[in-house]
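Subject: Structure handover

Hello,

The structure is pasted below for your use. My notes on it follow.

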Amino acid sequence: MAQVAIIIFLLAAVMAPLLALAELPRVEHPPHRYGSLNVLAVGDWGRRGQLNQTLVAKQMGIIGKRMNIDFVVNVGDNFYDNGLTGVDDKAFEESFTNIYTAKSLQKPWYTSNEMLFPSLLNYGFASFLGNHDYRGDALAQLSPVLRQLDRRWICKKSFVVNADVADFIFVDTTPFVLKYWNEPKNNKYDWREVAPRESYIANLLKDIDSALKQSTATWKIVVGHHAIRSVSEHGDTEELIEQLLPILKANEVDLYINGHDHCLEHISSRDSPIQYLTSGGGSKAWRGIFTPNSDKLEFFYDGQGFMSLRLSKAELHLAFYDVDGKVLHKWGHTKPVQYY
Ligand SMILES: *[C@@H]1O[C@H](CO)[C@@H](O)[C@H](O)[C@H]1NC(C)=O
C-alpha cells in the first residue's frame with residue numbers, strides 16, 4: 001500500500017510540471033449578462049497622466065460606462081520609460097491606479113505577463129509587458145503584490161482569457177524581437193525566466209497553436225504588444241510575420257490587437273480573415289511617420305485614443321475613439337451562428 005502511494009506521489013511530481021508546460025495559463029471570464037461581451041483596448045500609456053494620458057483615461061471612463069464593459073485589454077508598455085523599478089515603485093499608482101479612476105474602469109485589466117493570480121474572476125484589466133517594461137524589473141509587474149495595491153491588475157507573460165463568445169490569447173511578443181537581444185544599445189532587458197530565446201519562443205508558439213486549436217469560441221483574438229502589420233514608426237515586426245502569423249492564419253484567427261506604435265490603425269489582411277488593430281494611443285503620439293505596406297489600410301490615426309469591441313455569438317463591432325471620445329472609425333463583421 002505504502003509503495004503504491006509512493007509511486008502515485010512520484011508520478012504526480014513528474015507529471016505536474018509537464019502538464020503545466022503543455023498549456024498557457026487560463027482565466028475564465030464569466031459571460032456578459034446581455035449576451036454580448038464589451039471590452040476596451042489601450043496601450044503605451046504609463047506617463048503619470050502626461051501627454052494626454054489623462055484625457056484618454058477620461059474618455060475610456062465615459063465609453064466604458066456607456067458600453068458597460070467587462071474588462072480592459074492592456075496591450076503593454078505600461079510604465080515609461082523603463083518599466084517598474086520594483087513592486088514598491090510609485091509609478092504603479094501614479095500611472096495606473098490614480099489615472100484610470102472611472103467607476104466603469106474598475107474591471108479586470110488583463111496584461112500579458114507570467115504569474116497566476118488567485119480569484120482572477122472578479123476583476124479586470126488584462127495587461128502584459130511591452131519592450132519598455134522589460135527594461136525595468138519585469139518580474140515586479142507580474143508580482144501579486146501589485147494586485148494587492150490595485151486588484152484590477154492581472155498581469156502574466158502569456159495566457160488565455162476564455163470569455164464565452166471570444167477567446168483572447170495574450171502573447172509575450174518582446175522576446176521575439178531580435179534587436180532587443182543583439183543590439184540593446186544602452187537599454188538593459190530583464191530576460192529572467194525568458195532566456196534562452198529559441199526554446200522560449202518554440203514553446204510559446206506550440207502553446208499558442210494548441211490554445212487556438214482547443215478554442216471553440218466564435219471569435220479568436222490574439223493580443224500582442226508588437227504589431228504584425230503597422231504603417232507607423234516601428235512598422236511591421238518581421239519576426240512575428242515569420243513565426244507567429246502562420247499559426248494565426250492556420251487557425252483562422254479573427255483579430256490581432258497590439259500597441260507599440262503610438263497611434264490607432266486598422267489593416268486588413270489580403271490573404272486571410274485577420275484584421276490587424278493597433279491601439280497604442282494611450283499617451284505620447286503624433287510621430288508623423290507613415291509607411292504603407294502591402295496589406296489593405298482601412299484606417300490610420302497618428303494621435304491619441306483607444307479602441308472598443310462589442311462581441312456576440314454572431315456579430316463583432318469595433319470602434320476607435322480620439323481624446324474627445326469622437327468615433328474615428330467603425331467596422332463590423334458577422335458570422336453564421338452555429339446551432340448544435
Ligand atoms: C492632445 O490631444 C490634442 C487633440 O488631439 C492634440 O491637439 C494635442 O497635440 C495632444 N497633446 C499632445 C501632447 O500630444
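How do the residues of the shell around the ligand divide into nonpolar, polar and charged? There are 4 nonpolar, 3 polar and 1 charged, where Ala, Val, Leu, Ile, Met, Phe, Trp, Tyr, Cys and Pro count as nonpolar, Asp, Glu, Lys and Arg as charged, and the others, Gly among them, as polar. The ligand is surrounded by Leu-51, Asn-52, Ala-285, Trp-286, Gly-303, Gln-304, Asp-322 and Val-323 (near means a C-beta atom, placed from the backbone, within 6 Å).

This is a predicted model: local features need pLDDT of at least 70, side-chain atom pairs count only at pLDDT 80 or more, and totals for chains, interfaces and linings use all residues. Residues are numbered from 1 along each chain as its sequence is written.

The chain has 9 helices and 16 strands (DSSP runs numbered from the N terminus: H or I of at least four residues, E of at least two). Of its 340 residues, 47% are buried (20 or more other C-beta atoms within 10 Å of the residue's own, all placed from the backbone).

Eight of the strands form an open sheet with mixed pairing, in the order S1-S7-S8-S9-S10-S12-S11-S13 (two strands pair if DSSP finds at least two bridges between them). Strands S1 (26-28) and S13 (296-301) stand at the edges with a single partner strand each, so one side of each lacks a neighbour in the sheet.

Within the sheet, S8 (residues 166-171) pairs with S9 (residues 219-224) in the parallel sense over 6 bridges. Ile-169 stands opposite Val-222 in S9.

Regards

Note on methods:
Buried ≥ 20, exposed ≤ 12 C-beta atoms within 10 Å, placed from the backbone.
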